[in-house]
Amino acid sequence: MTDLPAGEIPAGSSSRTWRRMRRNPAMAIGVTVLTAVVFFALIGPMISPYDPYDTALRMRLKPPSAAHWLGTDSQGRDLATRLMYGARTTLMLGLAGVAFAALTGGAIGLLAAFYKRLDNPLMRLIDVLLSFPSILFGLSLAAMMGPGLHSLILAIGLSIMPGIARISRGAALSVMAQDFMDGGRVIGLPDVTLMRRYLLANAYAPILTYVTLAFGDAVLLAAALGFLGLGLQPPTAELGSIAAEGRSFLFIAPHVSFAASALIFLIVLPVNMLGDTLRDAADRRAS
Amino acid sequence: MKHSPRETMIAPQTARPEPLLVVRGLSVTFATDQGPLKALDAVDLTLAPGETLAVVGESGSGKSVLSLALMGLLPPTAKIEADALTFDGRDLTGLREPDFRTLRGTAMSMIFQEPATALNPVRRIGDQIVEAIRLHEDIPAPKARARAIEALAATGIPAPAERAGAFPHQLSGGMRQRALIAMALVHRPRLLIADEPTTALDVTVQAQILDLIRDLARETGTATLFITHDMGVVAEMADRVSVFYAGRLVETAPAPALFSSPEHPYTVGLLGSMPQMNARGAPMLPIRGTVPDPRLMPPGCHFHPRCPFAAGACRTDRPALREIRPGQASACHLAPLIETLEARP
Amino acid sequence: MPGRLAHRLLVSIFVLLGVLLVGFLMLQVMPADPAAAIAGAQGTDAEIETIRRHLGLDKPVMVQFALYLSRVVQGDLGQSIINNASVFTEITRAAGPTLELMCAAMIWSLPLGLSLGITAALRRGGILDRVVMAISVAGVSIPVFWVGLLLVQLAASTRAFPIQGRGGAIWTIDGLPHVILPATALGLILLGPVARMTRTTLSDALNADHVRTARAKGAGPARVVLGHALRTALLPIITLVGLQVGALMGGAVVTETIFAWPGVGRLAVNAITTGDYPMAQGAILFLALAFIVVNIAVDILSELADPRLRSRT
């Protein structure tokens with residue numbers, strides 16, 4: 001997602017962050033778990049012998065067996081396969097929402113920092129957006145556009161975007177105060193080049209930290225809306241709606257909801273741990 | 001416990017029967033990620049009742065650590081060792097925290113460098129002084145409040161009753177420092193530790209605060225340990241002076257003796273950085289370089305890399321504190337300096 | 001910094017306008033003809049026409065928005081398309097339970113979060129600190145509905161607490177057991193962030209100069225930590241709680257759905273999934289307004305907690 005130009009300007013060293021992270025065993029476990037889940041979500045659908053949408057009513061709610069490692073769901077579909085597709089969908093939703101937010105929020109933040117006269121109007125807009133809890137974006141957009149992919153991505157994006165705009169404005173402003181910005185201006189670089197090569201290249205570390213933490217929130221929001229029936233609609237395999245489907249059979253087949261929920265947790269937890277580590281490292285550098 | 005080489009004990013200039021504060025061989029070591037860090041290295045100190053001792057040194061010399069060690073306010077990561085550490089006849093080394101707490105604010109108290117941050121920003125000035133009073137004295141709140149206003153008045157704050165109702169940010173820097181002084185002296189302590197109390201203040205206010213501390217201390221018979229890096233303040237305030245360098249005591253002397261005939265090259269350098277002192281005939285010696293990293297202390301005399309006179313022994317042996325003339329001692333191999341200077345071309 | 005509250009009020013006006021615009025748009029995109037929906041199946045064309053004129057549906061959009069605003073101000077949020085019930089009445093009926101649930105969630109999670117944060121700050125780097133931080137990061141990473149479902153399973157097997165609905169006001173004998181499970185699930189949302197923020201701000205405050213002054217006065221550890229350090233550390237914690245009310249609201253929507261709690265969140269979800277646009281509009285307006293009010297209250301509280309914000313110097 002971030003293919004940023006770097007090199008021209010001395011930026012903070014990231015090798016120290018890596019070393020610190022390696023010394024943290026909890027982090028190592030977290031990264032391993034996350035890798036495993038991503039592997040499960042990306043490779044799983046390729047190797048699974050089942051189709052996540054093939055219903056088999058005679059096979060409803062079977063417990064785990066040799067054929068179906070995690071059993072089957074209420075329509076006789078292989079749960080493991082559903083979870084693989086579901087995890088893939090959930091990861092994609094999070095990525096799409098965060099990418100949307102990073103592009104728009106990052107652009108707004110950089111513009112506000114770069115053009116003084118845009119600063120006030122843009123940031124007041126951001127203040128207003130910040131005053132909406134993310135669930136309200138989800139509810140309103142689902143109500144207006146109908147529940148589905150578009151309203152979901154927009155809700156995730158809009159709830160994360162204001163934070164990214166603020167962070168990138170702050171980071172960009174501190175870069176703006178440094179001498180090489182004037183240097184770039186003096187040699188006559190166009191604004192776009194200045195923003196891309198200088199501002200973005202130096203401001204991206206805090207933005208990346210924020211985006212990491214926001215990704216966890218994005219996944220949770222997508223799952224919550226899916227659970228409420230306001231996200232992707234069945235039969236699409238998505239972890240939140242799989243958990244909601246399992247809720248109806250909570251007392252006869254608790255493993256359906258359990259597995260889907262646990263998978264969400266296993267995605268969000270390592271991402272948040274990673275985000276915390278990045279943030280702590282940044283704080284330590286700052287102090 | 002390590003012993004520093006020491007040949008002479010330093011007696012207070014005017015022999016009094018019982019010194020208020022006796023510190024011998026005090027070392028403070030901090031445990032850090034990069035290993036132990038020695039902030040104070042076997043220092044000695046004596047303070048008579050009512051006396052003012054200035055502790056002088058650059059930042060990093062250990063003078064602030066000394067004040068916190070005396071107050072028992074060092075963090076748990078600090079290891080304190082001492083041959084003797086007595087206050088008012090009580091041994092402070094083995095003192096339990098609850099007992100220490102009853103001393104703090106009553107028998108010994110402290111004022112700090114930054115009056116802007118040393119007061120609690122969300123509580124009224126008066127309430128903070130009332131708290132100081134009632135922590136140690138079981139009196140009703142209105143009475144404590146009257147005492148607090150009295151204490152503020154004694155520091156020359158105009159309209160003390162109104163100021164008592166103010167929050168710290170509503171007062172000027174000088175006013176805040178007066179409030180802190182009022183708070184520190186409210187129980188008439190026997191020892192006041194003042195850690196660079198005027199550094200953060202405007203030059204015009206500095207003199208007023210110095211006068212105030214001296215007058216109030218004299219009035220209450222309080223001994224003052226005055227920590228500073230400013231030789232001008234020393235000249236103004238001190239009966240005696242102890243000069244610290246890189247965690248060690250390098251010279252101690254009555255103030256007049258120190259200014260007229262310093263016996264450590266570092267002291268000479270400190271005085272040299274004060275223009276009006278040169279007229280008195282002390283050799284002009286600007287100090288080169290900077291204080292060494294505490295983890296990379298040079299062997300021998302800590303000052304030798306910056307010392308213009310450094311000779312063989314200075315690089316290998318730690319110089320002991322030797323009495324050069326009555327009441328004045330120097331930790332320099334070459335002291336008395338005048339002889340060293342004369343022996344050179 | 002003068003005028004944090006003024007800034008908040010200014011922003012709130014725009015937020016309010018934005019929310020009202022969203023509510024208005026929600027009724028605009030409603031696929032059914034609102035007038036026909038209100039008139040019901042038996043409504044004649046003439047009746048529908050009257051209602052249409054009454055609602056101003058024949059006027060330009062800007063005028064319609066103005067009419068909408070004036071209706072909202074008068075508390076007229078329209079009728080449900082499903083059962084013709086007054087949206088305003090339904091929402092006032094659901095508001096109490098939602099408020100109850102959120103308060104019940106905060107009653108246990110705020111003190112516990114504070115205590116965990118204080119413990120972590122005092123033992124920074126120690127085992128307890130790590131445990132608290134682990135709880136905190138797990139707390140913000142776990143989907144609320146998982147906690148809810150686990151509690152439902154647990155309660156169903158032990159028969160310890162009722163798992164559905166509300167049994168009356170939560171301070172009554174019938175009401176209290178009903179709120180325990182949803183409040184537990186919901187409070188967990190707040191626990192992690194509060195513990196974390198308390199740890200950070202309190203560790204900073206413990207190193208502050210004025211805390212050293214307090215110790216130099218001879219204050220004991222309890223007074224130093226609670227009376228001086230925590231007192232100054234409280235401000236960012238209050239601000240955080242205000243912001244977290246948004247997350248709490250999201251959690252309440254999920255929790256109410258799981259535990260069949262008759263609150264505004266469940267009302268909103270049901271309205272959206274059944275296509276009851278007026279009801280959805282009303283519920284969303286209410287939730288947004290509640291969030292605005294809470295944050296204004298938080299700003300006032302912050303000014304009370306910090307005299308530096310109060311005076312304009």
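Trainee: Which residues of helix 9 of chain C are buried?

Mentor: This is a predicted model, so treat what follows as computed from that prediction. In helix 9 of chain C, residues 209-216, the buried ones are His210(C), Val211(C), Thr213(C), Ala214(C) and Ala216(C).

Trainee: How should I read a pattern like that along a helix?

Mentor: Start from the general idea: an α-helix has 3.6 residues a turn, so residues three or four places apart point the same way. Then look for what the buried residues pack against.

Trainee: What do the buried residues of helix 9 of chain C pack against?

Mentor: Two chains take part. From chain B come helix 1, strand 7 (108-111), helix 3 and helix 7, and from chain C itself come helix 8 (175-206) and helix 10 (221-258). Just after helix 9 of chain C, look at the backbone too: Gly218(C) has a positive phi of about 100°.

Trainee: How many salt bridges cross the interface of chain B and chain C?

Mentor: For a salt bridge, look for a Lys or Arg side-chain nitrogen within 4 Å of a carboxyl oxygen of Asp or Glu. The rule finds two across this interface. Lys217(C) and Glu131(B) form a salt bridge through their side chains, at 2.8 Å from N to O. There are also eleven residue pairs in polar contact between chain B and chain C, both residues being at pLDDT 80 or more.

Trainee: Let's turn to chain A. How many helices and strands are there in chain A?

Mentor: Chain A has ten helices and zero strands. Its C-alpha trace spans about 75 × 45 × 30 Å along the principal axes. Of the 287 residues in chain A, 51% are buried.

Trainee: And how do I read contacts by their separation in sequence?

Mentor: Ask what share links residues well apart along the chain. Among the contacts in chain A with a separation of 6 or more, 73% are between residues 24 or more positions apart.

Trainee: What area do chain A and chain C bury between them?

Mentor: About 3,500 Å², and carbon and sulfur atoms account for 79% of it. In chain A, Met144(A), Leu228(A) and Phe265(A) lose the most area to chain C, together 16% of what that side buries. The contact draws 39 residues from chain A and 43 residues from chain C.

Trainee: Which polar features cross the interface of chain A and chain C?

Mentor: The rule finds one salt bridge there. Arg196(C) and Asp276(A) meet through their side chains in a salt bridge, at 3.2 Å from N to O. Five residue pairs are in polar contact between chain A and chain C, both residues at pLDDT 80 or more.

Trainee: Which helix of chain A gives the most to the side that touches chain C?

Mentor: Helix 10 of chain A, with 13 residues. By class, the side of chain A that touches chain C comprises 26 nonpolar, seven polar and six charged residues.

Notes. Residues numbered from 1 in each chain as written. Chains lettered and ligands numbered in written order. Predicted model: local features only at pLDDT ≥ 70, side-chain atom pairs only at ≥ 80, totals over all residues. Heavy atoms only, no water. Polar contact = N/O pair within 3.5 Å; in protein donor to acceptor, adjacent residues only side chain to side chain. Helix = DSSP H or I, 4+ residues; strand = E, 2+ residues; numbered from the N terminus. Buried < 20%, exposed > 50% of the residue type's maximum accessible area, 1.4 Å probe, protein only. Contact = heavy atoms within 4.5 Å. Buried area = accessible area lost by both parts, 1.4 Å probe. Nonpolar A, V, L, I, M, F, W, Y, C, P; charged D, E, K, R; others polar.
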